Amino acid sequence: MLSVIALLLIQAARSQWLDKPLSYLSSFSLPVYKLTELPSEMTRSLQTFLSSRESLREENARLRAEALVLHAKTQKLASLRAENLRLRELLNSSSHKEESVLVAEVVGLAADPSQHVFVIDKGRADGVREGQAVIDAEGLIGQVIDVAHNHSRVMMVTDSTHALSIQVNRNGVRAIVEGTGLIDLLEISHVAATTDVKVGDLLISSGLGGRFPAGYPVARISEVTIDPGEPFATVRARPLAQLDKTQFVLLVFSREEGQASDG
Amino acid sequence: MDDRGHSFWVVLLTLFLALALSVYPLPFWARWLRPDWAVMVICFWVLFLPNRVGVGWAWLAGLLMDLLHGSYLGQNAFALSIVAYFAHVSHQRVRMSGYRKQAVFIFSMVTVHILLGQWVQNLMGVADISLLVVLQALTSALSWPLLHVAMTYLCYRFVVS
């Protein structure tokens with residue numbers, strides 16, 4: 001009897017009318033995820049507490065140097081952006097959308113081990129919407145697949161049901177990169193054996209499909225195997241984002257859509 | 001009446017702990033080894049407290065699990081209530097047997113849970129089955145004695161009956 005109700009629920013969940021109440025109902029899961037974070041958080045704070053003054057000073061110096069380098073790079077960026085805009089105006093082409101980001105914390109991993117999905121602590125209340133791109137400092141992580149009131153789920157590019165359109169940064173060749181279900185491996189499908197791709201090529205999101213903004217680094221090609229008997233080359237790549245290590249991720253907002261806290 | 005209240009809270013607390021453990025962050029490779037705590041705790045209560053805990057509890061726990069995991073609403077409610085039904089039907093036999101036979105029982109129950117979950121996912125059009133899920137059933141069976149000891153201690157400590 002109860003299992004029949006459950007099956008009916010599955011059917012009901014398929015239609016959309018339950019989405020709204022469910023997103024509020026599932027709000028209780030954020031505190032649960034936070035609770036499971038506690039032990040690792042405690043060890044982390046204990047580590048910082050115990051770390052010596054010397055190592056802190058060292059880290060401070062290193063971060064200062066890094067900040068200096070990054071500042072120098074952004075200085076250049078401003079002038080480059082202006083130049084880019086001018087050139088685009090000269091070419092009469094539309095300018096890129098302005099993008100801003102929102103920092104979110106990773107609070108949990110999906111329970112199902114066959115899924116590469118994690119949970120972040122920002123939801124509909126923060127303006128997150130389905131299909132939004134998620135990045136870290138190194139590259140593209142994935143996209144938001146499920147938004148609840150106060151948290152949402154992010155599918156990584158390595159999930160075996162994920163695919164996105166990319167471009168080789170060196171020459172602009174376009175292809176589709178698919179997840180494999182392994183955390184450090186992506187596969188690029190249907191690359192003709194004569195296509196110009198090399199080991200070490202940087203792959204960036206192409207922006208085709210309208211889901212991911214163009215130009216974010218995704219992966220670096222790690223292996224190209226050309227078998228004369230096969231019509232396509234086997235091309236493998238390694239994702240650039242620290243998929244299994246990140247604690248904080250960035251949600252990308254394009255300017256027209258919704259709010260954003262910091263740019 | 002008093003100890004009835006006790007057992008209610010103990011069952012609730014252990015189920016909540018099982019749910020929390022089911023989303024406890026593990027490194028990527030270790031996720032395949034995570035024991036299915038929810039199935040084990042529900043089986044324990046249904047086997048040893050069959051007049052208090054039954055399919056209804058399993059159904060509710062499954063529903064909470066669905067909300068927590070973000071799986072299809074009803075997926076775990078369905079699978080866990082079937083598991084609880086199996087456990088209830090065979091509780092008189094399984095309760096009497098030793099750890100080894102109980103572990104085999106847990107192994108099959110976890111397998112039932114996982115297979116039913118994947119069946120639902122297939123119905124919804126997500127097909128990604130890996131044989132590695134057997135590992136989960138295996139670690140569950142191996143950690144059953146541990147859970148059994150801990151839960152029995154809880155029962156004595158809080159006079160659950």
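A residue is called buried here if 20 or more other C-beta atoms, placed from the backbone, lie within 10 Å of its own. Before you click, note that this is a predicted model, in which local features need pLDDT of at least 70 and side-chain atom pairs count only at pLDDT 80 or more, while totals for chains, interfaces and linings use all residues. Residues are numbered from 1 along each chain as its sequence is written, and chains are lettered from A and ligands numbered from 1 in the order in which they are written.

Start by selecting chain A. Of its 263 residues, 30% are buried. Look for four helices and twelve strands (DSSP runs numbered from the N terminus: H or I of at least four residues for helices, E of at least two for strands).

Next, show both chains. Here 28 residues of chain B are in contact with 29 residues of chain A (contact means C-beta atoms, placed from the backbone, within 7 Å). On the chain B side, color helix 1 (2-22), helix 3 (55-69) and helix 4 (75-89), the elements that give two or more residues each. Helix 3 of chain B gives the most, with six residues.

Now zoom in on helix 2 (residues 37-48) and helix 7 (residues 133-157) of chain B. These two pack at an angle of about 50°, their axes 10 Å apart. Show side chains where they meet: B:Val39, B:Met40 and B:Phe44 come from helix 2 of chain B, and B:Ser140, B:Trp144, B:Leu147, B:His148 and B:Met151 from helix 7 of chain B.

Key: Two residues are in contact if their C-beta atoms, placed from the backbone, lie within 7 Å. Axes are lines fitted to C-alpha atoms, for helices over the stretch in contact, and angles run from 0 to 180 degrees between N-to-C directions. A residue is buried if 20 or more other C-beta atoms lie within 10 Å of its own, exposed if 12 or fewer, and partly exposed in between; C-beta atoms are placed from the backbone.
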